[in-house]
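Okay, thanks for having me, everyone. Let me put the model up on the screen, and then we'll walk through some helix packing and a couple of pockets.

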Amino acid sequence: MFSVLTDNWPLFRDGFWLTIRLFVVSGVLSLVLGTLLGAFRVSPVPALRGFGTGYVNILRNTPLTLVFAFLFFGAAKMQLALPNPFWTAVGALTIYTSAFICEVVRSGVNTIAPGQSEAARAVGMSFFQVLTIVVLPQAFRAIIPPLMSVLIALLKNTTIAAGFSVAEAGAIPAAMSERGENQLLTLLWITIGFLILIVPLIFLQRWAERRTAVA
């Protein structure tokens, strides 16, 4: 059992390292874009609200595999120059995940009492100031559990990149099959690898909840 891992350690190491890079870069970009879209969704400007609503409705109802296929194959047909497969995969994961983060942020904003925003506007604060100083700091405290669930889903979704020439953890079984290794044990080690990555996120969520809890 252990020889499957030790004899192919460079393959597992490189695959999971690429998975971690995909997750971290896509996660940061998704948080930024998702928060911006969430601001659009609660904006007083109808055009921004319409854009945010359309983006979320389209991306949430589109399979992630199709997003990957469009960027890897459709964009080339449209003569759009894209970077290497890693950054194209980051783009697909970011575009998809930001739609879910947007809804999480919007739900958090809706938990804030309207009176707080009205009071902030009454003292002359702009919409941007109300959102960044009054609303979002409180909203993020309320959305830690669902936000972490979205990020965990993002980590698992990185395996789809394996089908588009990105040699991350999801590509390990195909490489191991070519070497004639036991596929069941290979999948078992990949499962253990993902558990090692996901469990710290769960503990991070619990720590953040305790840290931001209000008595």
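So, at what angle do helix H3 and helix H5 pack? About 120 degrees, with the axes 9 Å apart; H3 is residues 46-60 and H5 is residues 85-110. The axes here are lines fitted to C-alpha atoms, for helices over the stretch in contact, and the angles run from 0 to 180 degrees between N-to-C directions.

Before I go on, the housekeeping. This is a predicted model, where local features need pLDDT of at least 70 and side-chain atom pairs count only at pLDDT 80 or more, while totals for chains, interfaces and linings use all residues. Residues are numbered from 1 along each chain as its sequence is written, and side-chain values use heavy atoms, with hydrogens and water left out.

The protein has 10 helices and zero strands. Those are DSSP runs numbered from the N terminus, H or I with at least four residues for helices, E with at least two for strands. The C-alpha atoms fill a box of roughly 70 × 50 × 25 Å along the principal axes.

Back to H3 and H5. They are oblique to each other because of that angle; the scheme is under 35 degrees for roughly parallel, over 145 for roughly antiparallel, 65 to 115 for roughly perpendicular, and oblique for the rest. The crossing of H3 past H5 is left-handed, meaning the near helix is turned anticlockwise from the far one by less than a right angle, with clockwise giving right-handed. On the H3 side the contact (heavy atoms within 4.5 Å) uses Tyr55, Val56, Leu59 and Arg60, and the H5 side includes Ile95, Tyr96 and Phe100. By class that contact has eight nonpolar, one polar and two charged residues. For the classes, Ala, Val, Leu, Ile, Met, Phe, Trp, Tyr, Cys and Pro are nonpolar, Asp, Glu, Lys and Arg are charged, and the others, Gly among them, are polar.

Next, H5 against H7. Their axes come within 8 Å and cross at roughly 110 degrees, so H5 and H7 are roughly perpendicular, and this crossing is right-handed. Val105, Gly108 and Val109 of H5 touch Val135, Leu136 and Ala139 of H7. That makes five nonpolar, one polar and no charged.

How far apart are the axes of H6 and H7? 10 Å, at an angle of about 160 degrees, so this pair is roughly antiparallel. The H6 and H7 crossing is right-handed as well. H6 brings Gln116, Ser117, Ala120 and Arg121, and H7 brings Val130, Val134, Val135 and Gln138.

Now the pockets. On a 1 Å grid over the protein atoms alone, a pocket is an open set of points where a 1.4 Å probe fits, with protein on both sides within 12 Å along at least five of seven lines, and lining residues have an atom within 4 Å of a point. Points are joined across faces, edges and corners, and a volume is the space filled by probe spheres set on them.

The largest pocket holds about 280 Å³. Of its 14 lining residues, Val42, Val109, Ser117, Arg121 and Val135 lie nearest the centre. H5, H6 (114-122) and H7 (127-142) each give at least two of the lining residues. The lining comes out as 10 nonpolar, two polar and two charged.

And the second largest pocket? What is its volume? About 220 Å³. H2 (9-41) and H10 (183-212) each supply at least two lining residues. Among the lining residues are Trp9, Phe12, Arg13, Trp17 and Trp189. Nine are nonpolar, one is polar and one is charged.

That's my tour, thanks.
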